[in-house]
Amino acid sequence: MATDREKEAAVYLEKHKIFDLMKNLTSMLFFYRPEDPKEFLIEKLQQLKESRDGGGGAKAPSLLSHANLDAAFGIVDPANEKYVTFAQYKQALISLGMKDINECPEGVNEDKISYDTFIEEGMQSLERCSATYAQR
């Protein structure tokens with residue numbers, strides 16, 4: 001059974017998204033393998049702070065980009081129909097590690113999610129996943 005101190009620590013870690021932050025930072029370290037890892041981490045934390053503070057439209061640092069979403073769409077739309085089903089949309093974004101996915105994107109009622117909607121919703125979800133700071 002957890003002590004009060006352990007429970008407080010767990011609440012603190014969850015509230016401040018510490019696990020997500022550390023996962024994102026270590027993933028970026030392993031992927032980019034910078035010459036100066038400490039300077040790299042400082043830069044990424046500064047980007048995250050600017051994103052949180054809304055400075056100049058800064059985006060939270062992430063491994064994924066528009067190009068990754070474009071590639072994912074191409075995989076789930078091999079016939080190049082320029083739309084996918086809701087199930088394909090959802091599974092593609094989940095497979096990219098996104099958690100907070102819009103359950104009612106444009107086209108959901110017709111079960112046809114367009115390329116543009118997929119990219120737009122994916123970028124928004126990516127931003128939410130990358131924003132490993134507590135919302136104010």
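The protein folds into six helices and two strands. The model is a predicted one. Along the sequence, the elements follow the order α-α-α-α-β-α-β-α. The C-alpha atoms fill a box of roughly 50 × 45 × 30 Å along the principal axes. The chain has 136 residues, and 26% of them are buried. Among contacts with a separation of 6 or more, 66% join residues 24 or more positions apart.

Helix H1 spans residues 4–15, and Ala10 is found in it. Ala10 has a relative accessibility of 45%, so it counts as partly exposed.

Next come H2 and H3. Two packed helices are described by the angle between their axes and the distance between the axes. Helix H2 covers residues 18–32, and helix H3 covers residues 37–53. They pack at an angle of about 130°, with axes 11 Å apart. Angles from 65 to 115 degrees count as roughly perpendicular and those over 145 as roughly antiparallel, and H2 and H3 are therefore oblique to each other. The crossing of H2 with H3 is right-handed. From H2, the contact draws on Leu21, Leu25, Met28, Leu29 and Tyr32. From H3, it draws on Pro37, Phe40, Leu41, Lys44, Leu45 and Leu48. By class, this contact has 10 nonpolar residues, no polar ones and one charged.

The loop between H2 and H3 holds Arg33. Most residues other than glycine have a negative phi. Arg33 is not a glycine, yet its phi is positive, at about 45°. With 68% relative accessibility, Arg33 counts as exposed. Asn80 also has a positive phi, near 55°, and is a residue other than glycine. Asn80 sits in the loop between H4 and strand S1, which spans 83–84.

Now turn to H4 and H6. Helix H4 runs over residues 66–76, and helix H6 over residues 115–130. Their axes are 10 Å apart, and the packing angle is about 135°. H4 and H6 are therefore oblique to each other. The crossing is right-handed. On the H4 side, the meeting residues are His66, Leu69, Asp70, Ala72 and Phe73. On the H6 side, they are Tyr115, Phe118, Ile119, Gly122 and Met123. The contact of H4 with H6 has seven nonpolar, two polar and one charged residues.

H6 also packs with H5. The axes of H5 and H6 come within 11 Å and cross at roughly 35°. This crossing too is right-handed. H5 brings Tyr89, Ala92 and Leu93 to the contact, while H6 brings Phe118, Glu121 and Gly122. These residues divide into four nonpolar, one polar and one charged.

What lies at the centre of these contacts? The largest nonpolar core has 15 residues. Leu69, Val84, Tyr89, Leu93, Met98 and Phe118 touch the most other members. H4, H5 (86–95) and H6 each supply at least two residues of this core. Phe118 shows how the pieces join. Leaving aside neighbours within four places in sequence, Phe118 is in contact with Leu69, Ala72, Phe73, Val84, Tyr89, Ala92, Leu93 and Ile113. A second, separate core has seven residues, including Leu21, Met28, Phe40 and Ala60. Leu21, Met28 and Phe40 also belong to the contact of H2 with H3.

One more residue of H6 deserves a look. Ser125 is placed in helix H6. Is Ser125 buried or exposed? Its relative accessible area is 0%, so Ser125 is buried. Not counting residues up to four places away in sequence, Ser125 touches Met98, Asp100 and Ile101. Of these, Met98 is also among the core residues that touch the most other members.

Note on methods
Residues numbered from 1 in each chain as written. Predicted model: local features only at pLDDT ≥ 70, side-chain atom pairs only at ≥ 80, totals over all residues. Heavy atoms only, no water. Axes fitted to C-alpha atoms, helices over the stretch in contact; angles between N-to-C directions. Helix = DSSP H or I, 4+ residues; strand = E, 2+ residues; numbered from the N terminus. Parallel < 35°, antiparallel > 145°, perpendicular 65-115°, else oblique. Left-handed = near helix turned anticlockwise from the far one by under 90°. Contact = heavy atoms within 4.5 Å. Nonpolar A, V, L, I, M, F, W, Y, C, P; charged D, E, K, R; others polar. Buried < 20%, exposed > 50% of the residue type's maximum accessible area, 1.4 Å probe, protein only. Core = buried A, V, L, I, M, F, W, Y, C linked by side-chain atoms within 4.5 Å.
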